[in-house]
Amino acid sequence: MAPLLSERKIPLLIQCFLLILLVRKGITVDRYPELHFFLLGALFSTLFALLLLFVKTKASLHMIGISALTVFVFGLSVHYQSQNIFAITFLTIMNGFVASSRLVMKAHTSMELIIGVLLGSIPQILLLYLWL
């Protein structure tokens, strides 16, 4: 746990650099377009979370991750016209478990969880249109 805002800046910067490296050198759009855009969405989510730290606002990084994964799996289901009902249902339930655990542990407020869900979901939804 990193309760102080200043403790979150360096890990988020490192994550940004690693995601940039992956998107530029490893997971390119011509090889793996779906995964490329998922990681690009993760990069945007991380950058927004980092920018929010400079205005003294914290977002739940756990919720960013699980909500981004949920939207990505939903997009894969639509893209490949497969019915991943079990996976989508499981991930939706896991969103609730993660949010509940963050509240019970008093690691976040409900507003920080909502910000996390929005930061994780919105970039993924916007990038779905590029690879669907």
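Tutor: Before we start, a definition: a residue is buried under 20% relative accessible area, exposed over 50%, and partly exposed in between, with a 1.4 Å probe and protein chains only.

Student: Fine. What kind of model is this?

Tutor: This is a predicted model, where local features need pLDDT of at least 70 and side-chain atom pairs count only at pLDDT 80 or more, while totals for chains, interfaces and linings use all residues. Residues are numbered from 1 along each chain as its sequence is written, and side-chain values use heavy atoms, with hydrogens and water left out.

Student: How many helices and strands does the chain have?

Tutor: The chain has five helices and zero strands, so the order from the N terminus is α-α-α-α-α. Both kinds of element are DSSP runs numbered from the N terminus: helices are H or I with at least four residues, strands E with at least two.

Student: How much of the chain is buried?

Tutor: Buried residues are 42% of the 132.

Student: Which residues of α3 are buried?

Tutor: Among them are Met-63, Ile-64, Ile-66, Val-71 and Phe-72. The buried residues of α3 pack against α2, α4 (85-104) and α5.

Student: And Phe-74, buried or partly exposed?

Tutor: Phe-74 is in α3 and counts as partly exposed because its relative accessibility is 45%. The C-alpha atom of Phe-74 is 9.8 Å from that of Leu-128, 54 residues apart along the chain.

Student: What comes just after α3?

Tutor: Gln-81, with a positive phi of about 50°. Gln-81 sits in the loop between α3 and α4 and is exposed at 75% relative accessibility.

Student: Where is Lys-56?

Tutor: Lys-56 is in the loop between α2 and α3. Its phi is near 65°, a positive value in a residue other than glycine, and Lys-56 is exposed at 67% relative accessibility.

Student: Last topic: at what angle do α2 and α5 cross?

Tutor: The axes of α2 (residues 33-53) and α5 (residues 110-131) cross at roughly 145° and come within 9 Å. Axes are lines fitted to C-alpha atoms, for helices over the stretch in contact, and angles run from 0 to 180 degrees between N-to-C directions.

Student: Which residues meet there?

Tutor: On the α2 side they include Phe-37, Phe-44 and Leu-52, and on the α5 side Ile-115, Leu-119 and Trp-131. Contact means heavy atoms within 4.5 Å. The residues of this contact divide into 14 nonpolar, four polar and one charged. Ala, Val, Leu, Ile, Met, Phe, Trp, Tyr, Cys and Pro count as nonpolar, Asp, Glu, Lys and Arg as charged, and the others, Gly among them, as polar.
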